[in-house]
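Reader: Could you take me through this chain slowly, and tell me what stands behind each word you use for it?

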Amino acid sequence: MKKRPITLLSMRIQYSKMLKEVGDLENIEAYPYQNNSFTTDENWKVLVTFSNMDPEEIDYLDLQTNDENTYNVGYSVNGIDSQYKKTTYKQLIRILKTVSNVVKDFIKNNRDVEALVFTAANKDPEKLLTATDTQKSAIYKTIIVKNLAGLDKVWKLKELRIGDEALGFALVKDK
């Protein structure tokens with residue numbers, strides 16, 4: 001039997017199944033956080049960052065937003081990019097649920113936010129600038145979008161392509 005290629009659809013179905021195995025996000029307890037940071041059960045220090053984007057970056061991504069109100073969202077574990085920390089899916093989901101709660105609070109406390117950009121770095125340092133870790137990117141997007149569903153309905157999802165292989169997504173306030 002011929003092996004079928006892995007497609008975005010098949011990956012999304014697998015992630016959906018995985019999320020059901022771990023449980024609905026409503027049943028995943030977020031870590032307590034303060035000042036955009038939290039500590040996991042493994043004593044990892046996680047920091048969520050929001051950095052203003054340059055007008056050139058915004059134009060490249062065709063976001064059509066104001067640079068003062070457009071943010072790149074990232075998080076680090078023990079000061080290292082999140083992609084390099086080995087976690088189980090359950091740990092990753094709990095971390096991402098907490099990250100999405102921090103993002104929710106950021107949006108609520110900064111009503112002028114027009115867009116939030118999310119990307120997932122590649123685990124291979126040689127591909128850091130050229131390719132995305134598609135598995136973590138898909139999990140990241142699924143959890144962020146699902147957990148932010150409680151926000152007002154003015155936000156829309158925009159898929160991003162950065163170069164040939166790097167992917168990301170943005171939550172953009174509908175005008």
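Author: Ser 100 counts as buried, because its relative accessibility is 0% and buried means under 20% relative accessible area, with exposed set at over 50% and partly exposed in between (1.4 Å probe, protein chains only). This is a predicted model, in which local features need a pLDDT of at least 70 and side-chain atom pairs count only at pLDDT 80 or more, while totals for chains, interfaces and linings use all residues. Residues are numbered from 1 along each chain as its sequence is written, and side-chain values use heavy atoms, with hydrogens and water left out.

Reader: Where is Ser 100 placed, and which residues is Ser 100 in contact with, leaving aside its neighbours within four places in sequence?

Author: Ser 100 is in helix H3, where helices (H or I, at least four residues) and strands (E, at least two) are DSSP runs, numbered from the N terminus. With neighbours within four places in sequence left aside, Ser 100 is in contact, that is, has heavy atoms within 4.5 Å, with Ile 143, Ile 144, Asn 147 and Leu 148. Ser 100 and Tyr 140 are 40 residues apart in sequence, and their C-alpha atoms are 9.4 Å apart in space.

Reader: How do you know what span is expected for helix H3?

Author: The expected span of a helix is 1.5 Å times one less than its number of residues. H3 (residues 89-109) has 21 residues, and its reach of 30 Å from first C-alpha to last is therefore close to the 30 Å expected.

Reader: What makes H3 mostly covered?

Author: Of the 21 residues of H3, 16 are buried. Apart from residues up to four places away in sequence, Arg 94 touches Ile 28, Glu 29, Ala 30, Tyr 31 and Asp 41.

Reader: Why is Thr 40 called buried, and what does its side chain make a polar contact with?

Author: Thr 40, in the loop between strand S1 (37-39) and strand S2 (45-52), counts as buried because its relative accessibility is 5%. Its side chain makes a polar contact with the side chain of Glu 42 at 3.0 Å; the term stands for a pair of N or O atoms within 3.5 Å, where, within protein, one must be able to donate a hydrogen and the other to accept it, and residues adjacent in sequence count only if both atoms are side-chain atoms.

Reader: What makes a set of residues a nonpolar core, and how many residues has the largest one?

Author: A nonpolar core is a set of buried Ala, Val, Leu, Ile, Met, Phe, Trp, Tyr and Cys residues joined through side-chain atoms within 4.5 Å. The largest has 32 residues, and those with the most contacts inside it are Phe 50, Tyr 75, Val 103, Leu 116 and Phe 118. Its largest share, nine residues, comes from H3.

Reader: How confident is the predictor in the chain, on average?

Author: The chain averages a pLDDT of 78, and 74% of the residues score at least 70, where pLDDT is the predictor's confidence in each residue, from 0 to 100. Confidence is lowest in strand S4 (residues 80-81), at a mean of 65, and highest in S1, at 95. Where pLDDT is low, the predicted coordinates should not be read in detail.
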